[in-house]
Structure formats: structure tokens, C-alpha cells
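Here's a quick tour for anyone who likes to think in contacts and strand partners. Have a look at the model first, then read on.

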Amino acid sequence: MPKEIHKGITSRPPVVVIMGHIDHGKSTLLDYIRKSNIVEKEAGGITQHISAYEVTHPDEKGVVRTITFLDTPGHEAFQAMRKRGASVGDIAILVVSAEDGVKPQTLEALAAITESKTPYIVAINKIDKPGANIERTKQTLLEAGIYIEGYGGSIPSVPLSAKTGEGVKELLDMIILVTDLETFTGEKGKSAEGVVIESSLDTKKGIAATLIIKSGTLSQGEFVVAGESFAPVRIMENFLGQKIESATFSSPIRIIGFSALPKAGDTFVTVGSKKEAEVLVTKAKEKPGNEERGAPQAAGIAVIPIIIKGDVLGSTEALVHELKKIETETVKLKIVDEGAGAITENDVKQLSGTPGGIILGFAVKCDPRALELAERQSVSIQTFDIIYKLSEWMAKVITERTPKMEVEEVQGTLKVLKLFNKNKNTQVIGGSVQTGKIGVGDSFKILRRGAEVGRGKIEELQSQKIKTREVTEGNECGVQVESKIEIAGGDVLESFSVIIK
Ligand code: GDP
């Protein structure tokens, strides 16, 4: 039971994120914890994978405690969420392989963790491997400025094997210890608020999103509002896919029936009625700075949202440089994110809801789950091993996506000799075709002393008193036109057609 700290405010279970260098074992650790700590008969009910789960673990007094894990390894998601101001993880686990020690992405993850002041635990993983060396790994941690307990610092570290499970219990113990030290709080009595961690479009069911409640209680009949979308709390499931009536803090839940795709990292609030929800959505749409969410761009300019993944961060910087070179006046490339490591589902999620998004991978692999999701969300993924191939491909996309422009092409000019009569907007004039041709249905500009004074359309043409469809250069004709501007002798009518270039 959560203990009451202050009127209505209680401690709540921690939400844990797992970060670290690629291949150091983040997914394996998440899998191990999921498999060994969710009671099997419950897990049997899982019909839909959602990217968070809850486990239970007894504390030192034997009290069963809950821990929520975000099942989205990698710091991309964490950073994407942080960019949107959301802090979803209460505790971070920094996974470091005991074979390799600290690596570039360990440092990136560390930077994100320390910047957000998230308490963290170092998991020294793969201790079952013959090449594992815990002492040497600790040395690399110290060199990286990670001052662990027992080495003059206070950062807890736990040696473990995500494969055999050795040390995982100690990690869970440590998570509970840190939770008790930090005391994360929430208020059950108020309406729920929290963070969107993923969203997806199911062709049959509609738009679903996974949310983590950070405070309050969410119940059937209420409405959640996240960014520019809302959903009635009608179809609500827990992480096992079971229908639930209400949920409270730190729980991952899935709600189906959003009006639009909310984004990972959007915060959500709860209101009591659909009307209130709609008002909030309208407000969110009006808020300036909404280009981020894929608001329409200035006419004639196309923006391509891009995520770049490289083998190392340095390579993505080079790629951004290359891409900026091939950007054009009318097609802009918007680098939504860049990072090192394989292309993951998180990358795809970041682009969901922004049409036309592209993920470019350079010398990296693509997670099959990312490919699947990309297909469903119409995000395109391309990987390359040679920079110029990537630029070439991108240049082709830029050409394809260059906005089509309407261009007026002059067909012919007619010198107006006389205005015969005018009735409302219909005028009958006499003139002579000076260049090209004019035809029935053509639009024209009225040029007076070289300047455009108005526009009109040719309704009828007569040449030598006979109705005709077209009169060519050198011929005189009678013309019935439609124009709001009164045409006068001496004007030039320049007929044009609109072509798309
Ligand atoms: P991630 O990129 O950090 O998510 O790394 P993965 O979880 O995909 O692990 C990378 C590789 O290391 C996989 O082949 C895992 O089976 C392996 N691995 C992860 N943890 C351990 C461990 O504790 N012991 C051993 N022997 N292998 C591990």
C-alpha cells in the first residue's frame, strides 16, 4: 500500500527506463525481468505488446512492491520525450557490458540522465561471459566520471547477467532502495495526468496509445487529452491487455479511440466531458510553435521530417552536413533527431503523425519491429553504407517532393479596338489578335499601358460575323468576355493558360 506523505499525496511506484550502449544487453535485461517477474498465468493474457510493463518484487520487509519498466530500450525515446518536456522515467538503469566497459553511447545516455537529474543505477552486465571483467569495467566508469559506491562515489552499481539472471534480483532490490530514498509521489484523489509513451494506428480498432499515469486516477467515462488529440476512457486496458475500469499512478495503460495520433512524450490531462476535451484540443492547435507537430507549412514549400541514425554520432553529423547541401528553396529537410545505433521502433514512433517522414540509416541495421511499424505508419526507412548513395537517393526524393507550381503561360495577345457594350460583367469588344492565338474559355489579363488592371475570361468569339472557337494572329474579331473591370480601347488582353510545373 502506498503510504500517505501529505494530505492525499502518497508515494507511488517508480517508472524505470533502461539505457546504455548498443548490444550491452538492454533488451535482454528487459526480457529477463519481464519473463521472470510477471506471473505466468497473468502473462498468458497478453494479447498485445505494449511498450511498458509492471512487475512485483518484495522489499526487505517482504512487502510486495510494484515497479514499472518502460520497455523501450535506448535513450532515443527518453531524449525525444525530454525534448517535449516530459519526464517519464523516475529511475534510469545504465547498462554497461562487463566485457566492453564504457562506450560512446554509454556517455550519451549518461549525459541525458544527468541533464535530467534522474537518479540512476549502473548495471554491469554480461558477468557470465568469460571475457567479463568487473574491476576493469568499474575503472572505465570512474574514468567517465561515474563515481560508483565503494569507489568514492554514491552511484549504486550492480553486477549481473541478463542472460542467466544472476544479480537481477539485486538490481530490483536496488531499484526499491532508490525508490524509498527518493520518494516519488502522486495524488490518487485528483484527475489523472501523465505521459504518452507510444501511439499506433490499428486499421480495425482506430488509434491507440500507451500512457503512463504519473499522478491521479483515471476512470471510465472520463476523457484524456494529449496534445491535439483526445479519447474517451471507454476501451482501457492494463499492460496485460485486460480491460480495466480505472487505473492510477505509475501504471501503463492502453486507451483506444483517440481522435488523432498523440506523440510519444506528449503529456496528457483528464477532463470530465467531451466538450472540455474538445476545447483543450482546439487550444492546443492554436498554440504557436505547433510546426513541431506537423502543422501545414507555408504554401509552395515542402518539409521532409528526417531521423538520421549512424554507426557513431560523428557520422550523423557528417550526414546532416551533406543533407543540408542538397536541400532546396522549396524542399526543406527537418532533422527531427539524430543518433547512433540501429533503427528502432522508437525512431518510427517519433515520426508517426508527421506525414512523409524518412529514417536514414548509415552503416546501421534496422530492427525488424521498426520495419513492421514503419510500414503500418507510412514512414520510409532507407539504409546506406556509402554517403554519396545516401545523398543521391535523398536528392531524388527531393525532386519528387518539390511542390508543383502553377505557371501562367501566355497564349496570345489581343489589342482592344473598341468596347461595344457592357452589361453587368459581360462586355462585348472588338479587337485584333497581335500575337499567338486566343480561344473560347481562355483566361486573360487586362493590360493597360503595360500594367495589369484586371482579369477576365473569353466567353464567345466571332470572326467575320461567324462564331468560332479560336482566332489567330493577324485577325480581327468580336469578343464577348466576362470581367468585372471595364475594358477600354487601347487595352491589351493577354490570354494565358495555367500549367503545372
Ligand atoms: P541492446 O542493444 O543493449 O538491447 O542489447 P541486447 O539485449 O540485444 O544484447 C546484445 C547481445 O548480447 C545479445 O546477443 C544478447 O543475447 C547478449 N547478451 C545480453 N546480455 C547478456 C548477458 O548478460 N550475458 C551474455 N552472455 N550475453 C548477453
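## Strands, a helix and a ligand

Strands β13 and β18 (residues 267–271) run antiparallel, and four bridges join them. Within that pairing, V225 has V269 of β18 as its bridge partner. Bear in mind that this is a predicted model.

β13 has another partner too: strand β14 (residues 229–232), again antiparallel and joined to β13 by four bridges. Here V224 sits opposite A231 of β14. The hairpin made by β13 and β14 has two residues between the strands, and G227 in that hairpin takes a positive phi near 55°.

So much for the neighbours; now for the faces. Is each face of β13 covered or open? Both are covered: on one side of the strand (residues 223–226) F223 and V225 are buried, and on the other V224 and A226 are buried as well.

Next up is helix α6, which takes in residues 168–182. From first C-alpha to last, its 15 residues reach 21 Å, close to the 21 Å expected at 1.5 Å a residue. Which of its residues are buried? They are V168, L171, L172, M174, I175, I176, V178 and T179. Just past the end of α6 comes T183, with a positive phi of about 50°.

Now the ligand. There are 15 residues around it, and D23, K26, S27, T28 and D128 come nearest. By type, that shell splits into six charged, seven polar and two nonpolar residues. Helix α1 (residues 26–37) gives the most to the shell, with three residues.

| Residue | Protein atom | Distance to a ligand oxygen |
|---|---|---|
| T28 | polar side-chain atom | 2.5 Å |
| K26 | polar backbone atom | 2.8 Å |
| K163 | polar backbone atom | 3.3 Å |

How much of the ligand's area does the protein bury? Taken alone, the ligand exposes 580 Å², and the protein buries 76% of that.

If you want to walk through this in a viewer, you could begin at the T28 side chain, with its polar atom 2.5 Å from a ligand oxygen. From there, go to the backbone of K26, where a polar atom is 2.8 Å from an oxygen of the ligand.

Notes: Residues are numbered from 1 along each chain as its sequence is written. This is a predicted model: local features need pLDDT of at least 70, side-chain atom pairs count only at pLDDT 80 or more; totals for chains, interfaces and linings use all residues. Side-chain values use heavy atoms; hydrogens and water are left out. A residue is near a molecule or strand if one of its heavy atoms lies within 4 Å of it. A polar contact is a pair of N or O atoms within 3.5 Å; within protein, one must be able to donate a hydrogen and the other to accept it, and residues adjacent in sequence count only if both atoms are side-chain atoms. Accessible areas come from the Shrake-Rupley method with a 1.4 Å probe; for residues, only the protein chains shown count as cover. Ala, Val, Leu, Ile, Met, Phe, Trp, Tyr, Cys and Pro count as nonpolar, Asp, Glu, Lys and Arg as charged, and the others, Gly among them, as polar. The expected span of a helix is 1.5 Å times one less than its number of residues. Buried means under 20% relative accessible area, exposed over 50%, partly exposed in between (1.4 Å probe, protein chains only). Two strands pair if DSSP finds at least two bridges between them.
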